[in-house]
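Here are my notes for anyone opening this model for the first time.

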Amino acid sequence: MSPAVRPRTRAELRAARRPRAHRCWGHLLAAPLWPKYGVNLGTLLRTCDAVGACLVAPPYPWVDDALARGNTLRRPTCVHRTGDPIRWLRAEKERGARLLGVELAEESIRLGDLPAARGRTVMVLGHEAEGIPEEALDLMDAVVEIPMVGTGMSLNVAVAGSLVLYRLLAGLL
């Protein structure tokens with residue numbers, strides 16, 4: 001007979017987590033550079049905090065409000081600002097970061113086959129309807145696809161980004 005399952009207490013959860021708020025580790029960055037909906041940025045920000053990743057905020061005027069509304073933790077989180085997304089991606093690539101696009105594309109890696117991030121990795125997310133622009137796709141080192149069996153073509157940015165972030169950290173958390 002297996003032991004009874006009991007949820008951990010808040011004190012037990014707190015003791016198992018990092019001792020202080022996240023500081024920029026620079027290892028993993030979630031870059032939703034062409035979002036359609038602000039609510040997805042706030043949700044993805046919460047996942048970034050959970051896995052110790054940083055969020056790269058695109059240069060739209062509504063982003064600050066979306067992040068403020070979405071930050072339900074009410075603590076500072078690691079948010080990097082970018083100007084021109086293509087220029088920023090080129091600079092990251094020149095610094096040696098691995099650019100990983102989340103996109104339905106030929107020669108993509110299935111999510112289940114995606115290896116853990118071992119160095120600085122930028123996970124790039126596109127527009128919910130239009131995806132990652134072609135100019136940015138040309139910069140990617142790899143593209144990951146989330147297989148789906150339902151009738152939908154894709155998941156929203158927050159859900160897709162969260163799945164990929166956890167997969168990139170498989171075995172590292």
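Predicted model: local features only at pLDDT ≥ 70, side-chain atom pairs only at ≥ 80, totals over all residues.

1. Let's start with Glu 92.

2. Arg 120 is partly exposed, at 27% relative accessibility.

3. Glu 92 also forms a salt bridge with Arg 95, and here the closest N and O atoms are 3.2 Å apart. Arg 95 has a relative accessibility of 59%, so it counts as exposed, that is, over 50%. Because the salt bridges share partners, Glu 92, Arg 95 and Arg 120 end up in one network.

4. How many salt bridges does a search of the whole structure find? The count is five. Another one to look at joins the side chains of Arg 81 and Asp 64, at 2.6 Å from N to O. Arg 81 belongs to strand β3 (residues 79-81) and Asp 64 to helix α3 (residues 63-70), so this bridge ties together parts that are 17 residues apart in sequence. Asp 64 is partly exposed, with a relative accessible area of 46%.

5. Now for the nonpolar side chains. In soluble globular proteins, nonpolar side chains tend to be buried together. Here the largest nonpolar core has 28 residues, and Val 102, Met 123, Val 164, Leu 165 and Leu 168 are those with the most contacts inside it. At least two residues of this core come from each of β1 (28-32), α2 (38-51), β2 (54-57), α3, β4 (98-102), β6, β7 (142-145) and α6 (157-168).

6. Setting aside neighbours within four places in sequence, Val 164 is in contact with Leu 100, Val 102, Leu 111, Leu 114, Met 123, Val 144 and Ile 146. Apart from this core lies another, of 19 residues, including Trp 34, Val 56, Val 124 and Ala 136.

7. Is Ser 162 buried or exposed? Ser 162 counts as buried, at 16% relative accessibility. You'll find Ser 162 in helix α6. If residues up to four places away in sequence are not counted, Ser 162 touches Leu 44 and Thr 47.

8. Thr 82 is found in the loop between β3 and α4, and with a relative accessible area of 8% it is buried. What does Thr 82 touch, not counting residues up to four places away in sequence? The residues are Leu 33, Val 56, Ala 57, Pro 58, Pro 59 and Trp 88.

9. Last, the aromatic rings. A search of the whole structure finds one aromatic pair, made by Tyr 60 and Trp 62. Their rings are 5.7 Å centre to centre with 20° between the planes, so the pair counts as stacked, since that label covers planes under 30 degrees apart. Both partners are partly exposed: Tyr 60 has 30% relative accessibility, and Trp 62 has a relative accessible area of 31%.

Key:
Residues numbered from 1 in each chain as written. Heavy atoms only, no water. Salt bridge = Lys/Arg side-chain N within 4 Å of Asp/Glu carboxyl O. Helix = DSSP H or I, 4+ residues; strand = E, 2+ residues; numbered from the N terminus. Buried < 20%, exposed > 50% of the residue type's maximum accessible area, 1.4 Å probe, protein only. Contact = heavy atoms within 4.5 Å. Core = buried A, V, L, I, M, F, W, Y, C linked by side-chain atoms within 4.5 Å. Phe/Tyr/Trp six-rings, centres within 6.5 Å; stacked < 30°, edge-to-face > 60°.
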